Amino acid sequence: YSAAVAAKLQTQYPAGSVLVLAPRFLAREDGDVHISAPPDVAEGSVLRWNVTGPIPHGWRYGADSLGPAGGVSSYDAVDSLVEHFALDPARYDHVDRIVV
């Protein structure tokens, strides 16, 4: 779905004027997945969510992540992305709007 939305945006706006971010909410069942992370991110601290219960794919509803790095809701993760772009106007001075 996100690929279709990104393709549509690319036909409606000039190249280089739209950034589409689609976070990947990993599950324990995804197994070992290589994640590019900054050097200060501890091994094993990649967030993962439960896909089976109590609500299947609970990340869609703001569920907390699992494990030792748990306790971060999927909404908090998306909020962090928005804050990254919204709260640093010196770095992202051409951002007109953010749509979630």
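The model is a predicted one.

Start with the rings. A pair of aromatic rings is described by the distance of the centres and the angle of the planes. The count here comes to three aromatic pairs. Take Phe 25 and Trp 49. Their ring centres are 5.0 Å apart and their planes stand at 90°, so this pair is edge-to-face. Both residues lie in the loop between H1 and H2, and they are 24 residues apart in sequence, so the pair ties together separate parts of that loop. Phe 25 has 16% relative accessibility, so it counts as buried. Trp 49 is also buried, because its relative accessibility is 3%.

Now look at Phe 85 and Tyr 92. This aromatic pair is tilted, with 4.7 Å from centre to centre and 50° between the planes. Tyr 92 counts as partly exposed because its relative accessibility is 22%.

Tyr 13, Val 18 and Val 20 make a nonpolar patch of about 240 Å². Val 20 sits in the loop between helix H1 (2-12) and helix H2 (74-86). Its relative accessibility is 37%, so Val 20 counts as partly exposed.

Finish with Arg 97. This residue is found in the segment after H2. Arg 97 has a relative accessible area of 65%, so it is exposed. Where does Glu 29 lie relative to Arg 97? The two are 68 residues apart along the chain, and their C-alpha atoms are separated by 35 Å.

Notes:
Residues are numbered from 1 along each chain as its sequence is written. This is a predicted model: local features need pLDDT of at least 70, side-chain atom pairs count only at pLDDT 80 or more; totals for chains, interfaces and linings use all residues. Side-chain values use heavy atoms; hydrogens and water are left out. Patches are made of residues with over 30% relative accessible area and no salt bridge: like charges are joined within 9 Å, nonpolar side chains (Val, Leu, Ile, Met, Phe, Trp, Tyr) within 5 Å. Accessible areas come from the Shrake-Rupley method with a 1.4 Å probe; for residues, only the protein chains shown count as cover. A salt bridge is a side-chain nitrogen of Lys or Arg within 4 Å of a carboxyl oxygen of Asp or Glu. Helices (H or I, at least four residues) and strands (E, at least two) are DSSP runs, numbered from the N terminus. Buried means under 20% relative accessible area, exposed over 50%, partly exposed in between (1.4 Å probe, protein chains only). Rings of Phe, Tyr and Trp (its six-membered ring) pair if their centres lie within 6.5 Å; planes under 30 degrees apart count as stacked, over 60 as edge-to-face and the rest as tilted.
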